[in-house]
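User: I have a model open and would like to go through it. Can we start with the terms and then look at the details?

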Amino acid sequence: MFILPTQWLKIERIKYPLHLNVKILQISDMHVERLRISPTRITTIINDEKPDYIWITGDFTKYRKMLPSLEEYLRAMTICNVPIYCVLGNHDYQQKNVKDIVKLLSKYGIHLLRNQSLHLERFELIGIDDFNSGKSDIKAAFRAVDDRRTKLIITHDPNVVLHLNKKFDYLMAGHLHGKQFNIPYFFHIKNAGKMPRMGIYKGLHKHQNGTYYISKGIGQTGINARFLVRSEVTMHYL
């Protein structure tokens with residue numbers, strides 16, 4: 001009952017009418033040191049779903065010794081020839097040298113956004129660095145954004161939404177693992193910020209400045225178990 005949800009991966013499917021005609025696969029909270037989904041399975045999902053983009057919303061690993069394992073997953077994703085964009089999470093910043101992850105991502109041609117934006121074909125992609133680690137700089141992230149275009153955001157900690165004073169069309173985040181243990185008052189015991197204490201810790205939500213989605217994540221943190229919360233990757237149809 002505890003272990004099965006970590007292997008019983010669900011592909012969540014979210015349709016949100018932005019009329020961009022794009023399919024995005026979101027993978028969040030890999031925590032490769034506690035991940036029971038194999039690299040081969042991720043490759044299979046990518047090949048089956050045929051997304052236009054893959055977006056990784058932080059928390060690769062906090063252990064330098066796990067970088068060879070992370071490399072296996074990055075290799076499994078990049079062989080599918082789908083453009084990959086990502087942000088870092090709080091666990092990535094807990095490494096002694098986050099530059100090691102940055103170098104590894106660069107080696108595999110994965111685009112890391114740290115309070116930066118990119119002009120992609122149909123939209124602006126904005127990457128806001130991790131709020132939990134004190135790395136978010138919203139002003140810098142939006143500096144080069146064309147406000148006339150559709151604005152999509154990737155970030156790790158969804159609590160940043162409560163501080164966003166910019167309009168956006170869609171945001172993807174992770175960090176909260178859908179509780180990981182679905183028990184009452186979990187986020188009153190574990191301090192993960194204001195948003196989960198408000199009862200917002202997974203799924204699709206609307207804020208006065210835009211719509212956002214919180215992934216339950218694919219890996220685990222702390223104890224390598226889940227309770228009544230399945231691992232997920234998410235297909236967004238926008």
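Analyst: One term first: buried means under 20% relative accessible area, exposed over 50%, and partly exposed in between, with a 1.4 Å probe and protein chains only. This is a predicted model, where local features need pLDDT of at least 70 and side-chain atom pairs count only at pLDDT 80 or more, while totals for chains, interfaces and linings use all residues. Residues are numbered from 1 along each chain as its sequence is written, and side-chain values use heavy atoms, with hydrogens and water left out.

User: Fine. Is D59 buried or exposed?

Analyst: D59 is buried, at 1% relative accessibility. D59 sits in the loop between β3 (53-57) and α3 (67-78); helices (H or I, at least four residues) and strands (E, at least two) are DSSP runs numbered from the N terminus.

User: What about the phi of D59?

Analyst: Positive, about 65°, although D59 is not a glycine.

User: And what is the phi of Y185?

Analyst: Y185 also isn't a glycine, and its phi is positive at about 65°. Y185 is in the loop between β9 (170-173) and α6 (186-189), and with 63% relative accessibility Y185 counts as exposed.

User: Next, S28. Where does S28 lie?

Analyst: In the loop between β2 (23-27) and α2 (39-49). S28 has a relative accessible area of 0%, so it is buried.

User: Which residues is S28 in contact with?

Analyst: Leaving aside neighbours within four places in sequence, the contacts of S28 (heavy atoms within 4.5 Å) include T57, G58, H175 and S215. Glycines G174, G217 and G219 are among them too.

User: Back to the whole chain. How many helices and strands are there?

Analyst: Seven helices and twelve strands. The radius of gyration is 16 Å, close to the 18 Å from the globule rule for 238 residues, so the protein is as compact as a globular protein of that length. That radius is taken over C-alpha atoms, and the rule is 2.2 Å times the number of residues to the power 0.38.

User: How much of it is buried?

Analyst: Buried residues make up 60% of the 238.
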